[in-house]
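Dear colleague,

Please find below the structure that I am handing over to you.

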Amino acid sequence: MTPIRWGILGAGGIAAKFGSDLRAAPGSTIAAVAARDGRRAAAFAGRLGIPRSYGSYRELVEDEDVDVVYIATTHAQHHEQALLALRAGKPVLVEKAFTLNARQAREVVAEARARRLFCMEAMWMRLHPLIRQVADLVRAGELGEVVGLRADLSKTFHPDRDVRLFDPAAGGGALLDLGVYPVTLAWLLLGRPATVQATGSRGSTGVDLTAALQLGYADGRVGQVYCSAISESPYAALLTGTAGWVRFEGRMHHPTALTVHTAAGERVLSAPPVQGNGFNWEIAEVESCLRDGVTESPLAPLEDTIGVLEILDDARRQLGVRYDADEDADRD
Ligand SMILES: NC(=O)c1ccc[n+]([C@@H]2O[C@H](COP(=O)([O-])OP(=O)(O)OC[C@H]3O[C@@H](n4cnc5c(N)ncnc54)[C@H](OP(=O)(O)O)[C@@H]3O)[C@@H](O)[C@H]2O)c1
């Protein structure tokens, strides 16, 4: 089997973690990496044993021996760089949050579709076996009718160390970095909400520090989603239904187990052992789509990525958090 040849665009924190899992993936190889600074790219390449490194993103996307580009830069860059790669004819895997807002996401998706190129948000949670299993449980009616979901993902960030989290120009804020996970989980298990009510707080730089979202559904179901960049939490999630509940054990976006409670009793579904940093299932999905000529993953659909960003746009609007890219959307 010929390995899929990846190009890594951006040499930051997540690029190193994902790159390490790519190295271990039997169906993949890393062909090249690019950073804004060629020396940093070369150092990154040296650490991961990558044969080629570039000091410009354009050189990477034009490398004929790269099959797919992994966009690992900050949210504010994803739109421009995904378009750069797609216009060079390259399929893309774009880190979460896919773009700053839904308008940017629609543009990237339209470009990928027009060129018939694979495109996926790197929402690794959706490829996790237990997340897929909980969606199957719901579809099979094991919990009866789903009534609600509570999900939280919060972590204390520090302004001096985690600069991008507090910088509006980098798409900072809790919602895009953390809230995107529980909102995606709500989307997966409950669907598109009819109403979104957001409350929370903003920091001195104008980004959202804490956000609590009430998602309402026409049939009475509810989703409660919480995220904060200034508090610690166990990353908890609980799904309730008329005939049972599911508690996510460990972190909600990559649980170690699911406790399923129904009238038949309680059972625990355990996750397979974690490989590396846990990106193996996401990598396998990209490999499989590319080998099969599938341009949109049925497990992480682009319409869901756009829909989740619409919720985040709405929540940010209610909290008074605006990025420059939102001004462009207003002018449309
Ligand atoms: N899936 C996950 O579990 C996970 C975990 C953490 C983060 N993420 C996502 O991954 C992305 C990167 O996060 P990170 O933690 O890796 O951030 P990071 O360590 O700060 O790295 C971000 C990279 O962005 C690049 N960049 C390009 N233009 C930039 C600009 N104008 N200003 C700042 N940086 C710029 C830099 O690339 P150069 O190397 O070229 O300078 C830098 O290496 C974010 O979208 C984040 O949400 C995902």
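Helix α1 passes helix α8 in a right-handed crossing, a term that applies when the near helix is turned clockwise from the far one by less than a right angle. Helices here are DSSP runs of H or I with at least four residues, strands are runs of E with at least two, and both are numbered from the N terminus.

Please note that this is a predicted model, in which local features need pLDDT of at least 70 and side-chain atom pairs count only at pLDDT 80 or more, while totals for chains, interfaces and linings use all residues. Residues are numbered from 1 along each chain as its sequence is written, and side-chain values use heavy atoms, with hydrogens and water left out.

Two packed helices are described by the angle between their axes and the distance between the axes. For α1 (residues 13–24) and α8 (residues 280–292), the axes come within 10 Å and cross at roughly 65°; axes are lines fitted to C-alpha atoms, for helices over the stretch in contact, and angles run from 0 to 180 degrees between N-to-C directions. F18, D21 and L22 of α1 meet N280, E282 and I283 of α8, where contact means heavy atoms within 4.5 Å.

The protein chain as a whole contains ten helices and 14 strands. Its radius of gyration, 20 Å, is close to the 20 Å that the globule rule gives for 332 residues, so the chain is as compact as a globular protein of that length. That radius is taken over C-alpha atoms, and the rule is 2.2 Å times the number of residues to the power 0.38. Buried residues account for 54% of the 332; buried means under 20% relative accessible area, exposed over 50%, and partly exposed in between (1.4 Å probe, protein chains only).

An open sheet of six strands runs in the order β3-β2-β1-β4-β5-β6, with parallel pairing; two strands pair if DSSP finds at least two bridges between them. β3 (52–54) and β6 (119–122) stand at the edges with a single partner strand each, so one side of each has no neighbour in the sheet. Within this sheet, β1 (residues 4–9) and β2 (residues 28–34) pair over six bridges, and R5 stands opposite T29 in β2.

Finally, G216 lies in strand β9 (residues 208–216) and counts as buried at 16% relative accessibility. Not counting residues up to four places away in sequence, G216 touches P193, A194, T195 and R221.

With kind regards
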